[in-house]
Amino acid sequence: MFEVAGAGDEQLNAIIWKQVDVRIARADADRKADYLSRAMAVLKAESVDESIRVQSILLIGRIGEKSAARDVVELLPSMPASFFGPTGRMLKELTGQDFGPMTGDGLAAAIVAARKWRMWLESQGL
């Protein structure tokens, strides 16, 4: 979401993400739920540029709600392969678990990762 604003400038991206992190930290539960809802809508919107959709994955991770992992996992098999690495890293940061997918994985690996994630999420009551 914010990479576009920074146009590839890492310093500017860092400043923007820092501001986002401050807003998330100050947000109450309803506001965080709204942020998650909007980020998920962007992630699902195939008409939205892929770079922006990847930023929504990062935002979901930064919000830090483990319950969001289930919704993201359900989208894995329909995501472009270029999303697998960022999604796997976000899920790992969000949950502390590492079931993938990873950069370079294909659809079969993403489906296996989604199955492993579902099993773990269910075991955690998420």
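The expected span of a helix is 1.5 Å times one less than its number of residues. Helices here are DSSP runs of H or I with at least four residues, numbered from the N terminus. The model is predicted: local features need pLDDT of at least 70, side-chain atom pairs count only at pLDDT 80 or more, and totals for chains, interfaces and linings use all residues. Residues are numbered from 1 along each chain as its sequence is written, and side-chain values use heavy atoms, with hydrogens and water left out.

Helix H4 was examined against that rule. At 1.5 Å a residue, its 14 residues should span 20 Å, and the end C-alpha atoms are 20 Å apart, which agrees. Gly 64 follows H4 and has a positive phi, near 85 degrees. Several residues of H4 are buried, including Arg 53, Gln 55, Ile 57 and Ile 60. Buried means under 20% relative accessible area, exposed means over 50%, and partly exposed lies in between (1.4 Å probe, protein chains only).

The largest nonpolar core has 33 residues. Such a core is a set of buried Ala, Val, Leu, Ile, Met, Phe, Trp, Tyr and Cys residues joined through side-chain atoms within 4.5 Å. Leu 43, Ile 60, Val 72 and Met 79 have the most contacts inside this core. Helices H2, H3, H4, H5, H6 and H7 each supply at least two of its residues. H7 gives the most, with six. Contact means heavy atoms within 4.5 Å. Beyond its neighbours within four places in sequence, Ile 60 is in contact with residues including Leu 36, Leu 43, Val 72 and Met 90.

Arg 53 sits in helix H4. Arg 53 is buried yet has no salt bridge. A salt bridge is a side-chain nitrogen of Lys or Arg within 4 Å of a carboxyl oxygen of Asp or Glu. Lys and Arg count as positive, Asp and Glu as negative; His and the chain ends are not counted. The nearest side chain of opposite charge to Arg 53 is Glu 50, 5.0 Å away. Leaving aside neighbours within four places in sequence, the contacts of Arg 53 include Val 42, Glu 46, Pro 80 and Phe 83.

The whole structure holds four salt bridges. One of them joins Arg 62 and Asp 21, at 2.8 Å from N to O. Arg 62 lies in helix H4 and Asp 21 in helix H2, so this pair ties together parts 41 residues apart in sequence. Arg 62 is partly exposed at 36%, and Asp 21 is partly exposed at 29%. Glu 74 forms a salt bridge with Arg 118, with the closest N and O atoms 2.8 Å apart. This pair links helix H5 with helix H7 across 44 residues. Lys 92 and Asp 98 also meet in a salt bridge, at 3.9 Å.

Two aromatic pairs were found. Rings of Phe, Tyr and Trp (its six-membered ring) pair if their centres lie within 6.5 Å; planes under 30 degrees apart count as stacked, over 60 as edge-to-face and the rest as tilted. Phe 99 and Trp 117 are edge-to-face, 4.9 Å centre to centre with 85 degrees between the planes. Phe 99 lies in the loop between H6 and H7, and Trp 117 in helix H7. Phe 99 is partly exposed at 26%, whereas Trp 117 is buried at 0%. Trp 117 and Trp 120 are also edge-to-face, 6.1 Å centre to centre. Ring pairs link Phe 99, Trp 117 and Trp 120 into a cluster.
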